[in-house]
Amino acid sequence: PYMFYEQLRSTHPVTWNNTFRYPGWYVTGYEEAKIILKDARFKNRIPLPQSSKKYERLKNVQNDMMLFQNNMNHQRLRGIVSKVFTPKAAASCRPLIQETAADLLNQVKQQKHMDIISDFAFPLPSLVIANILGVPTEDRSLFKEWTKPLIESIDFTRSKNVLTNGNETTKHVLDYFQDMIQHRKRRPKDDLISMLINEEQDGEKLTDNELLATCILLMAAGHETTVNLISNTILCFLQHPFQRTKLMENPALLETAVEESLRLESPTQMIARVASEDIEISGSHIQSGEHVYILLGAVNRDPRVFENPDAFDITRHPNPHLAFGYGSHFCLGAPLARLEAQIAVKSLLATFPDLRLETENVRWRKLAGFRSLQDLPVIWN
Ligand code: HEM
């Protein structure tokens, strides 16, 4: 997509297009993206079509997700959830992530090949978030399949797909969490759901539907994006052996390496807003009701901000990428995602020092909203 982003940017960093599937303003400029994401007159919205009756239940749940809220209601919801889902809570997951990664790698160690996605990058964040939420071990295998249609329902580029394929699965997930919330209300445990139930702000607790929406959001937002971050980072290293050697020589570069992968192959490629009034950005006249698509993958390669923007340079510093968004909706899971990716990459490269791509021919899924590999077959001796 990156050449295409370049073309768009060369027209204008905020350019109108009505020939794409989603007519609207396409933002490829870094500073412009920041201005828009800081401006409360650009609102978040639900991606599912407003007219669809069949998906009313999912829409009702999405309606209460903080991701699609604005202003006071967003502040209230995010305020409560961020009291529980803190950076410190994420940091305390380190042993859990390390163990889960080691278990997954142990299962494939005796082989000579694996698919990084299905054997490692996909199950890891799914097991971690299931554990954090408090899903019992015996139910966790169900989760792997459950998160897919959910994330697709959040990614507006795929919402048509979930309408045809994901409905049954979505119903199971909603039922499952609804039951679990009722269960924890009667008998709290030491898990995130129980904490969310009890947390309050100004004397107000989350409603049952808000609790459900938060569980689903954490699962969906926290899964596929992290799968992509892990697999994209590993791909970057396998394609850039010199950078890999650099990391092996200086393991302290792990953190900046993950930041560089977030910038170069941003797992979330696009986020959307709707203008609530007429607004001018960099000479572009956006009118009330028009849609604005911020191409994070393009913004993070804006040559006005990032020198040599197409290079993978694990020592890049500073690296003020917008892969987790910016402003009031900045990703709440960023500390967890960073930690998962750092541990995943470290464990994998340490376990298989001679890890190589099975084929140079990497296959990307055809999604506009995500930078997502179809598979990532690798071999070792
Ligand atoms: C919001 C990216 C992992 C939970 C966002 C946004 C982005 C993003 C770009 C802003 C959306 C917008 O402004 O429209 C990512 C990436 C991840 C990741 C690239 C992994 C590499 C996670 C994880 C969790 C999570 C692990 C939780 C378990 C959330 C939540 C929001 C959010 C709750 C909504 C925040 C709000 O609306 O105030 N994420 N995310 N994310 N993310 Fe993430």
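Analyst: The lining of the second largest pocket has 10 nonpolar, three polar and two charged residues. In this count Ala, Val, Leu, Ile, Met, Phe, Trp, Tyr, Cys and Pro are nonpolar, Asp, Glu, Lys and Arg are charged, and the others, Gly among them, are polar. The model is predicted, so local features need pLDDT of at least 70 and side-chain atom pairs count only at pLDDT 80 or more, while totals for chains, interfaces and linings use all residues. Residues are numbered from 1 along each chain as its sequence is written, and side-chain values use heavy atoms, with hydrogens and water left out.

A pocket here is an open set of points on a 1 Å grid over the protein atoms alone, where a 1.4 Å probe fits and protein lies on both sides within 12 Å along at least five of seven lines; a set from which the probe cannot get out is a cavity instead, and lining residues have an atom within 4 Å of a point. The second largest pocket is lined by 15 residues, and Cys93, Asn131, Ile132, Leu192 and Met195 lie nearest its centre. Helix 5 (87–91), helix 8 (123–133) and helix 12 (192–198) are the elements that each give two or more residues to this lining. Helices (H or I, at least four residues) and strands (E, at least two) are DSSP runs numbered from the N terminus. The volume of the pocket is about 250 Å³, taken as the space filled by probe spheres set on the points, with grid points joined across faces, edges and corners.

The ligand is the next item. It is surrounded by 28 residues, the closest being His74, Arg78, Arg273, His329 and Cys331; a residue is near a molecule or strand if one of its heavy atoms lies within 4 Å of it. By class, this shell has 16 nonpolar, 10 polar and two charged residues.

Several polar contacts involve side chains of the shell. A polar contact is a pair of N or O atoms within 3.5 Å; within protein, one must be able to donate a hydrogen and the other to accept it, and residues adjacent in sequence count only if both atoms are side-chain atoms. A ligand oxygen is 2.6 Å from a side-chain N or O atom of histidine 74. For arginine 78 the distance from a ligand oxygen to a side-chain N or O atom is 2.7 Å, and for histidine 329 it is 2.6 Å. Helix 4 (71–84), helix 13 (208–239) and strand 7 (270–275) are the elements that give two or more residues to the shell. The largest share, seven residues, comes from helix 13.

Which protein atom is the donor to the iron atom of the ligand? The single donor is SG of Cys331, 2.3 Å away. Donors are N, O and S atoms within 2.8 Å of the metal (3.2 Å for Na, K and Ca), and water is not among the atoms, so a site may look incomplete. Cysteine 331 lies in the loop between helix 16 (296–299) and helix 17 (334–351). Most residues other than glycine have a negative phi, and most peptide bonds are trans.

Two strands pair if DSSP finds at least two bridges between them. Strand 1 pairs with strand 2 (residues 24–27) in the antiparallel sense over four bridges, and the two form a hairpin with six residues between them.
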